[in-house]
Amino acid sequence: MTPLGELLENAPRDKLREVQWQKLEELLRLVSGRNRFYTEKWHKAGISPEELKSLGDLRKLPFTRKSELARAQDEAPPFGTNATFPAEAYSRVHQTSGTTGTPLRVVDTPESWEWWGQCWRLVLRGAGVTRSDRVFLPFSFGPFIGFWAAVEGARQLGAMMIPGGGWGSLERLHMMRELQATVLCCTPTYALRLAVVAREQKFDLRSVPVRVLIHAGEPGANVPHTKARIEADWGAKCFDHAGASEVGAHSFECELQPGGIHIIESEFIPEVIDPQTEKEMPPGETGELVITNLGRPGFPVIRYRTGDLVRLDLQACACGRTLARFDGGLLGRTDDMLTIRGVNVYPTAIENVIRQFSAVDEFQVTVERRQEMRHLEVQIEVHSGHEAEEVRARVEQAIYGALSLRPTVTVAPPGALTRFEMKARRFHRLDQG
Ligand SMILES: [Zn+2]
């Protein structure tokens with residue numbers, strides 16, 4: 001698997017494109033005729049991969065949708081027709097977290113697992129993590145791929161990995177202090193949760209030497225007020241990372257934190273399209289991320305519609321990396337933009353408002369239909385020591401001020417709202433169907 005991603009981080013963009021094309025050609029050669037899913041898909045679309053003569057020709061291939069991968073799994077359970085090689089070639093199986101629909105199984109060979117780790121090593125390096133760091137993972141190691149790949153990345157980097165699964169939050173805090181953890185990888189929600197537990201248990205969070213937090217699994221590290229709050233609670237820098245089980249660990253934030261995440265273009269080819277017309281969007285405009293991964297021939301995704309909204313930024317980064325960026329990180333999902341009384345709203349925009357209030361420990365948002373109109377219901381939990389009604393009124397006013405929408409904000413009793421360790425589900429839609 002050469003050249004290594006990090007050798008290409010600063011490469012001229014022409015060189016990057018050349019590498020992408022070489023890897024794409026090799027991938028298509030491996031997949032064509034062996035991988036039933038893509039062979040049949042391309043045959044149906046009337047295109048043969050041999051017709052691709054340059055990187056730009058990639059757009060001749062059809063898009064891949066998650067629903068197709070799910071069908072491919074049903075057709076040939078348990079691993080599906082997208083598994084290129086015989087079952088014995090694979091050494092790992094994981095599945096998507098199943099936020100929506102049936103979990104999708106993904107399989108890796110020893111080589112593609114190594115590749116996952118290489119990408120995660122770049123995520124860690126991007127945040128300034130070195131082999132002298134101690135990386136704490138408060139993660140219960142189930143079938144979700146998420147932080148498993150972080151373990152492999154830490155191994156490749158040579159940093160010490162501290163497994164913190166299966167424990168309570170307070171025990172984890174003590175362990176981090178005793179073992180002098182310097183890096184914490186978890187969801188943004190869980191970083192905030194640990195801070196609340198520390199406060200409630202009178203545990204001094206600043207006695208834990210964590211200096212870097214790396215977040216994945218949900219937005220948050222790219223939501224300015226959530227990021228600021230995590231950094232203030234921990235006295236550490238908080239980094240965003242994006243990836244997906246069916247794609248790989250594709251983007252990371254560099255130490256200069258330019259307000260976006262770098263895409264590991266030596267291992268992934270990103271495209272941005274209008275989700276409705278499917279036309280390519282120019283850099284700077286928001287559209288759906290379509291991605292091709294180059295290092296997982298045993299379970300590839302080629303022109304995969306991620307459902308994530310991004311804005312491509314090709315400007316040079318002061319860190320020296322030539323890798324393009326997603327400005328503002330993943331901006332939302334194509335299916336979670338809401339139009340309420342003519343106003344377009346993303347859940348992350350609501351989160352950004354609520355996280356300004358350090359008195360709010362947890363929140364939940366429900367979209368309802370009232371007399372044919374969508375309405376926003378927000379529940380907040382206010383931590384003791386604050387005047388709940390005053391906080392409630394301020395949150396309501398702030399949401400109105402930021403989004404020109406009048407929500408109903410109510411105060412939930414302490415501990416009433418669900419707490420999350422993995423992907424948080426704070427947004428509920430009761431306006432559909
Ligand atoms: Zn950078």
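**Group meeting: a walk through the chain**

Let's open with charge: the chain carries 53 positive and 56 negative side chains, and the centres of the two sets sit 0 Å apart. Here Lys and Arg count as positive and Asp and Glu as negative, with His and the chain ends not counted; each charge is placed at NZ of Lys, CZ of Arg, CG of Asp or CD of Glu.

A quick word on the source: this is a predicted model, where local features need pLDDT of at least 70, side-chain atom pairs count only at pLDDT 80 or more, and totals for chains, interfaces and linings use all residues. Residues are numbered from 1 along each chain as its sequence is written, and side-chain values use heavy atoms, leaving out hydrogens and water.

Now the fold. You'll find 11 helices and 20 strands in the chain, taken as DSSP runs (H or I, at least four residues, for helices; E, at least two, for strands) numbered from the N terminus. Along its principal axes, the C-alpha trace spans about 65 × 55 × 45 Å.

What about the interior? Of the 433 residues, 54% are buried, meaning under 20% relative accessible area with a 1.4 Å probe, protein chains only. Among contacts with a separation of 6 or more, 68% join residues 24 or more positions apart; a contact is heavy atoms within 4.5 Å.

Finally, please find F139, in the loop between β3 (134-137) and α6 (148-157). Is F139 buried or exposed? F139 is buried, at a relative accessible area of 3%. Its C-alpha atom lies 31 Å from that of C319, 180 residues away along the chain.

Key
Buried means under 20% relative accessible area, exposed over 50%, partly exposed in between (1.4 Å probe, protein chains only).
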